[in-house]
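Please open the structure in your viewer and keep the selection panel at hand.

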Amino acid sequence: MSKKVILKIRFGKPSTGCPMSEIEFDTEAERDAYLQGVDDMDGWEEYEYFEDEPTTPFCPACRGVEFKAHQVCRVNVVVTGDNMFVRYNPDGDLGSAIYDFYVPFGSYECCNCGMKFSELSELSQPEQQETP
Ligand SMILES: [Zn+2]
């Protein structure tokens, strides 16, 4: 385990009496990135930031792009001599045992925040990409 990097920092002018804070980082690079952000922010009162726009429909609550759904599949299985199910796939994982499948269907649940949808049309739509 490597040694933590401790940053002692005071926000505001010393005359305002703001207390010193200690912030712990795993690496000097993380501390330096934090200090770069503090330096960029210095003198501004607020900020907002923008992530890359999703390119597929996304969760309106958290902008997540993966959803739990349902799908009917045909799967190779192992059975007993009286045709009782024993296990999926004689040769490996379940994914490689699937040899036929149908279009996934709802209900849907955001993998990130758990918000539920009955239809994917309830998702937010990405901005149309400009084509040059
Ligand atoms: Zn979500």
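The stops below go from the whole chain to single residues.

**The whole chain**

Begin with the entire chain displayed as a cartoon; please note that this is a predicted model. The chain contains two helices and nine strands. Read from the N terminus, their order is β-β-α-β-β-β-β-α-β-β-β. The radius of gyration is 26 Å, whereas the globule rule gives 14 Å for 132 residues, so the chain is more spread out than a compact globule. Along the principal axes, the C-alpha atoms occupy a box of roughly 85 × 45 × 30 Å. Of the 132 residues, 5% are buried. If contacts between residues at least 6 apart in sequence are considered, 50% of them join residues at least 24 apart.

**Colour by confidence**

Next, colour the chain by pLDDT. The mean over the chain is 87, and 95% of the residues reach 70 or more. Where is confidence lowest, and where is it highest? Select residues 94-97, which form helix H2: here the mean is lowest, at 76. Then select residues 116-117, which form strand E9, where the mean is highest, at 96.

**A sheet of three strands**

Select strands E3, E8 and E9, which form an open sheet in the order E3-E8-E9 with antiparallel pairing. Strand E3 (67-70) and strand E9 are the edge strands, each of which pairs on one side only. Move to strand E8, residues 105-110, which pairs with E9 over two bridges in the antiparallel sense. To view a bridge, display Glu109 together with Lys116, its bridge partner in E9.

**The nonpolar core**

Which residues make up the largest nonpolar core? Select Phe58, Cys59, Phe67, Tyr108, Cys110 and Leu123, the six residues of this core. In soluble globular proteins, nonpolar side chains tend to be buried together.

**Cys59 and its contacts**

Finally, centre the view on Cys59, one of the core residues. Leaving aside residues up to four places away in sequence, Cys59 touches Gly64, Cys110, Asn112, Cys113, Met115 and Leu123. Among these contacts, Cys110 and Leu123 also belong to the largest nonpolar core.

Definitions and conventions
Residues numbered from 1 in each chain as written. Predicted model: local features only at pLDDT ≥ 70, side-chain atom pairs only at ≥ 80, totals over all residues. pLDDT = per-residue confidence, 0-100. Helix = DSSP H or I, 4+ residues; strand = E, 2+ residues; numbered from the N terminus. Core = buried A, V, L, I, M, F, W, Y, C linked by C-beta atoms within 7 Å. Buried ≥ 20, exposed ≤ 12 C-beta atoms within 10 Å, placed from the backbone. Contact = placed C-beta atoms within 7 Å. Pairing = 2+ DSSP bridges. Rg over C-alpha atoms; globule rule 2.2 N^0.38 Å.
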